Amino acid sequence: MEAVLGYIGAFIIGLILGLMGGGGSILTVPLLVYALGVSPVIATAYSLFIVGTTSAFGAAQNYYKDNLAVKTGLMIALPSFIAVYLTRRYIVPALPEILTYVGSEPVYRDPFIMVLFALIMTGAAISLIFKKSDESASVKKLSYIYVLPLVILIGAIMGLVGSGGGFMFIPMLVFFGGLPMKKAVGTSLLIIALNSLTGFIGDLQNISINWSFLLSFSVVSVFGIFAGSYLHRYINENQLKRGFGWFILLMAAFILAKEFIGF
């Protein structure tokens, strides 16, 4: 039963990526940890492969639809995937089991990663629920000097929590890159694919991979992204954003309750 729920979840992960251009890892990590019993550190690595592979197929599909700004995507992807790789290769393996103490209470690594992930989810949810999109509004061109530190920071966070970062890159592509929403979604998938798969490469020397599980899970997710890309044209984007935002907020509350209350 858990395996069936897992593969249904894999399809939904791809579906969300196809519809939104991001948000896949927000579902992947909690699904792997709480539904399938994968440890948080391994789950963040698996999330990078699943989301990266799925996004690569979505990016290729958007390229042929002319919904992908390759140059802009590579300008953002290059510094961020270096940050992701270095974080996964050197920082994550170096994290001790007990990170610090608050008073006499130890702060363990795995719960810390999940709580950090939940807080990032909360920020993304609030942005999706309350921020109004206005495609007719004028946009700024990419100012690389201002954007570069933010790109590196997002890359380091992505590496730490196993996130693709799409929900953070899409606003950047729209407001700084001057891309329309559809092209921002396609370009975001390219950035997610490069970042996530590079980060996963950094994990290969550190963890043991269950390839049969990982590949089968990813194949189902790829079918999901094709379905999401097809349905994208029929769905009201603003309603979808708010609905997904509330769903993310609910998931974040569940993770925080699980970690602090332990039900």
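Accessible areas here come from the Shrake-Rupley method with a 1.4 Å probe.

**Figure 1. Overall view of the protein chain in a predicted model.** The protein chain exposes about 12400 Å², and 69% of this area is supplied by carbon and sulfur atoms. Of its 263 residues, 51% count as buried. The secondary structure comprises 10 helices and 2 strands. Along the sequence, these elements follow the pattern α-α-α-α-β-β-α-α-α-α-α-α. Among contacts in the chain with a separation of 6 or more, 80% are accounted for by residues 24 or more positions apart.

**Figure 2. Close-up of the salt bridge between Arg109 and Glu97.** The closest N and O atoms of this pair are 3.2 Å apart. Arg109 counts as buried, at 17% relative accessibility, while Glu97, at 45%, counts as partly exposed.

**Figure 3. Close-up of the salt bridge between Arg109 and Asp110.** The side chains of these two residues meet at 3.2 Å, N to O. Asp110 has a relative accessible area of 19% and is therefore buried, the limit being under 20%. In general, side chains of opposite charge can pair when their charged atoms come close.

**Figure 4. View of the network formed by Glu97, Arg109 and Asp110.** A search of the whole structure finds 2 salt bridges. Salt bridges with shared partners join Glu97, Arg109 and Asp110 into one network.

Note on methods: Residues are numbered from 1 along each chain as its sequence is written. This is a predicted model: local features need pLDDT of at least 70, side-chain atom pairs count only at pLDDT 80 or more; totals for chains, interfaces and linings use all residues. Side-chain values use heavy atoms; hydrogens and water are left out. Helices (H or I, at least four residues) and strands (E, at least two) are DSSP runs, numbered from the N terminus. Buried means under 20% relative accessible area, exposed over 50%, partly exposed in between (1.4 Å probe, protein chains only). Contact means heavy atoms within 4.5 Å. A salt bridge is a side-chain nitrogen of Lys or Arg within 4 Å of a carboxyl oxygen of Asp or Glu.
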